[in-house]
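The following note sets out points for a colleague who is examining the model below. Each point takes up one part of the structure.

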Amino acid sequence: MEQTVNFTKMHGLGNDYIYIEAIKGNHQIDEEKNIQKIVRYLSDRHFGIGGDGVIFIEKSKNADFKMRMFNSDGSEAEMCGNGIRCFAKYVYDEGFTQKEIIKIETLAGIKEVTFIKDKQNRIEKVKVNMGIPKIEEKKQIFLFDEKMEINVISMGNPHAIIFVDNVEHIDIEKYGSFIENHEIFPQKTNVEFVQILDKNLIKMRVWERGAGETLACGTGACASVVAGVINNLTRRKVKTLLTGGELEIEWEKETNEIYMTGIATKVFDGKIKLDI
């Protein structure tokens, strides 16, 4: 049976996702076994809508809403920082909530989101409590005969952070893909290459697990700042420059929680027939 799906395309600093509202139960993707195939089709930038993945907006028994996030290869991910900011903007702009602070259930736990508005009461930025990072032991691996030290940090999803002199000189596809699929990361990993500009400013490029290089990664920015702090390279409040724009990251000393603040942008609404 041919299916037609309503969707909204949104991005956080160019990290773009296809949002499908399932609160009303009106989308027709109801066969779990087909979700991965459908996600791959929708995410395809030539034959589908195009995006770094698909995010489903669902009801939650434990929070205000539930976010299910899939990478463009069809794999389900625990969390997405850019994705959750857009998720929050969507539910507010579409009238699903009038709260100033909402809670969103993810596979990485429940995240508290605060709306920052302009004088016209429009959402200007979205601030997310990303929770407490999990810092693991550093790992050293050989990448094509070159020894590299990797900072391993989880923001509910895995990150491998490598400090470099210049992120523009990195062959990100070569090194990012190698590290993502390395045997020391049995669940694969996101990879961040980070350049320290000063104690309050870093520049980074992201190789996202299941998607390849993306223009931004919210959880990756958080993990990179944590790595910067524990290596005495940055302060706890840092502006992160990603390919698609800027994020403000703050790792609070008192609570150990890390906060991410940034914009969220709607691109367009549409319908698509699932001709698969």
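**Notes on the predicted model**

1. The protein chain has an accessible surface of about 13,100 Å², and 44% of that surface belongs to carbon and sulfur atoms. Accessible areas come from the Shrake-Rupley method with a 1.4 Å probe, and for residues only the protein chains shown count as cover. The model is predicted: local features need pLDDT of at least 70, side-chain atom pairs count only at pLDDT 80 or more, and totals for chains, interfaces and linings use all residues. Residues are numbered from 1 along each chain as its sequence is written, and side-chain values use heavy atoms, with hydrogens and water left out.

2. The protein chain contains 4 helices and 19 strands; helices (H or I, at least four residues) and strands (E, at least two) are DSSP runs, numbered from the N terminus. Along the principal axes, the C-alpha atoms fill a box of roughly 55 × 45 × 30 Å.

3. Of the 276 residues, 53% are buried. Buried means under 20% relative accessible area, exposed over 50%, and partly exposed in between (1.4 Å probe, protein chains only). Among contacts (heavy atoms within 4.5 Å) between residues at least 6 apart in sequence, 61% join residues at least 24 apart.

4. In helix 3 (residues 172-180), the buried residues are Ile172, Tyr175, Gly176, Ile179 and Glu180. Seen down the helix axis, they fall within an arc of 130 degrees, so they line one face of helix 3; the arc is that of the directions from the helix axis to the C-beta atoms. Their cover includes strand 11 (146-154), strand 13 (190-198) and strand 14 (201-208).

5. Two lysines may be set side by side. Lys9, in strand 1 (residues 3-12), counts as buried at 10% relative accessibility. A polar atom of its side chain lies 3.0 Å from the backbone oxygen of Gly50. Lys237, in strand 16 (residues 237-242), is exposed, with a relative accessible area of 59%. Leaving aside residues up to four places away in sequence, Lys237 touches Asn200, Ile249 and Glu250.

6. Which residues other than glycine have a positive phi? Leu13 has a phi of about 60 degrees, and Asn256 one near 70 degrees. Most residues other than glycine have a negative phi. Leu13 lies in the loop between strand 1 and strand 2 (15-21) and is buried, with a relative accessible area of 4%. Asn256 lies in the loop between strand 17 (245-251) and strand 18 (258-262) and is partly exposed at 28%.

7. There are 5 aromatic pairs, where rings of Phe, Tyr and Trp (its six-membered ring) pair if their centres lie within 6.5 Å, and planes under 30 degrees apart count as stacked, over 60 as edge-to-face and the rest as tilted. One of them is Phe65 with Phe87, edge-to-face at 6.3 Å centre to centre and 65 degrees between the planes. Phe65 lies in strand 4 (residues 65-71) and Phe87 in helix 2 (residues 81-93), so this pair ties together parts 22 residues apart in sequence. Both Phe65 and Phe87 are buried.

Note on methods
Polar contact = N/O pair within 3.5 Å; in protein donor to acceptor, adjacent residues only side chain to side chain.
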